[in-house]
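Q: Hey, could you walk me through this one? I'd like to go over a couple of spots.

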Amino acid sequence: MAEKSWLQDFPQMDRGDLIGIRKTLDGAYRSFSREFGDTIEAFFDPLLRFLVWFEQLLLQSPWWLVLGAITAMVWLASRSWKLTTGITLAMVAIGYFGMWDNTMRTLSMITVCTVMAIILGIPIGIFMARSDRVQSTVTPILDVMQTMPAFVYLIPVVMLLGIGKVPGLIAVIIYAIPPVIRLTNLGIRLVDKEVLEAASAYGASSTQRLFGVQLPLAMPTIMAGINQTIMMALAMVVIASMIGVKGLGQPVLKSITNQYFTLGLLNGLAIVALAIMFDRVSQAWAKRSQKHLGGTGHV
Amino acid sequence: MSDSQELIKIQNLYKVFGRKPNAFMDKVRAGISKDELLTQHDHTLGLKDINLTINKGEIFVIMGLSGSGKSTLIRHFNRLIDPTEGQILVDGEDVMSLGKKALEQFRRHKMSMVFQRFGLMPHRTVIDNVAYGLSVQGVPRKERREKAATWLETVGLKGYEEQYPSQLSGGQQQRVGLARALCTDAEILLMDEAFSALDPLIRSEMQDQLIELQAGLHKTIVFITHDLDEALRLGDRIAILKDGELVQVGKPEDILLHPATDYVEAFVKDVNRARALTVETVMQPPLNRITAETICGALEQMKKLPESYGYYVNEDGYQGVVLQETLEQAYEEDADARMCIKVVEPLAAVSCDAVLETVIPDTLETDYHLPVVDEDGGLHGELSRSAVVEVLGTPHRAA
């Protein structure tokens, strides 16, 4: 290797040092996962059991019962015949094309992921809204979570927990949780100052302000965040299938490797159908439950 | 005002907004101007050396233009804003010494507040908005809704219970705000530009309603406004605030007739005095009073009077006007006869509470000074046309 000037090439660190760093970090993480892997797995055990239970519930129940339940829920949430009929037809088509079981697996995965993202995300969003310091720490972390390629954080998760449902769940949550956190924070910060002041003036404690004023008024924004979270979770299904999450993602993965165009398209359309169902239903419900929130200032 | 009871007392209150307000307190006390503090030190002078006492049961109006610090001041009463320095006493209790829990209790029971942009909760129905103060206190749902319903009826919104605020007009929304404030039975009512966002007709309707309510409730009301007409109409006493400093505190007629500074004078220049002043503030003491029981005695009294007529007053109060001419005729007929209706000509008296505007036609119709009577019908004063003209003319500063 000829001697090159540092002006031409970026002065690099010694190759040996770099390998050293990698080895040390990898080794440390490997021994960490050997040491604590079982403990952490045990920690996630209840979650796994719930996930399995829910999946089995959807799979073991007769298809017509599940279909009926979905139709009923869509109707209750949206009160729109058009939407309800559309969703039911889509589900019938999914079943007819032989994707029922995989759709049920994905549905259960998405539901559990969304519930977990809400349970974790809303409190984090609340803390962010309450303190500028928390906000300035959490925001860059969320930025990293959203921009870091999903494959990168799949590696440590798989190293720690192996392949299966729980690592898939964690990966999906990491990918999908930022919108609900961000929009909870934003929604609370945007609550009308005078309404909040009124609550304080009548002696409301900070808990009373949070649950009586801030959260209800931030709800439309939070709902938009939840909606985004669901969409992102669905988008993550295919990637999660790479680490053994069963569902609609696996046939898609198989289609990529084997160039099965039709199989890929059908499963892709099933994912789209699920997405439309979640999106329209949650939005219709949000709109219906908050119709009186609009336009308070008009005279 | 020594006979009335002090309820709120504010002493040496200062408020500086900025990153390090305490660092500049010495400069503020030394009298640095608001502009200097802002341009040189990037701090805003909110309030400077405010001293106030507000008595039980009065409507105390704090008036100033936007940026004068009036909204900042009212937020000190319940500590929505903490002062940089100074003391706030309410009913003898030092509000500054209250801890978090005690302050919440204080706000729940002692004061309630009405806001300029109503501050209603859009996700609660009207009745739940009115009951909000009670729900914060932990009053059971049924009880607080019953109470809220009665207050809604009082402000004239019966039937709107289950509507949402966005379905109401501005005036109706502010009625809800008022009902919410009254529903907690707090002794003190803070009203921050409560009627400023309403159109003029609704505003004067709301003012009437407030006056009417106050007549029955006797709350202590601190009312903020930038509208002098509103201040004069509502206020028992008025404080004028300019650039965070109190310029003048006094009764409406003091402010109007004896403005303390050029600033106040400029302020009151455009006021419709005929509408703002009552007869009582303009009238002279009743000189032309005839009280004698006989014609002879009456004529004796009449001769001492500056005018050639007098107002006859007996134990039932004011009766009418008596002319010297008529008396002299009656004297020739029977000097010792008792005074009777024959010699007294009827002349409608005006009430001392009447607004000046309403009595102007009366002063023009008669050649006599108008007799002014009090509530019991007794002669209280007299109102000359020239006095009215003088007051309604160009304002002049008291020497």
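**A chat about the two chains**

A: Happy to! Asp243(B) is partly exposed, with 18 other C-beta atoms within 10 Å (20 or more would be buried, 12 or fewer exposed, in between partly exposed, with C-beta atoms placed from the backbone). This is a predicted model, where local features need pLDDT of at least 70, side-chain atom pairs count only at pLDDT 80 or more, and totals for chains, interfaces and linings use all residues. Residues are numbered from 1 along each chain as its sequence is written, while chains are lettered from A and ligands numbered from 1 in the order in which they are written.

Q: Where does Asp243(B) lie?

A: In chain B, Asp243(B) is in the loop between β9 (237-242) and β10 (245-250); strands are DSSP E runs of at least two residues, helices are H or I runs of at least four, and both are numbered from the N terminus.

Q: And what's its phi?

A: Asp243(B) has a positive phi of about 50°, although it is not a glycine.

Q: What about Asp42(B), buried or exposed?

A: Asp42(B) is exposed, having 11 other C-beta atoms within 10 Å. Its place is the loop between α2 (34-41) and β2 (44-55) of chain B, and its phi is near 60°, a positive value in a residue other than glycine.

Q: Switching topic: how many residues does each chain put into the contact?

A: Chain A gives 21 residues and chain B gives 25 residues, where contact means C-beta atoms, placed from the backbone, within 7 Å.

Q: Which element gives the most on the chain A side?

A: That's α8(A), with 6 residues.

Notes. Two residues are in contact if their C-beta atoms, placed from the backbone, lie within 7 Å.
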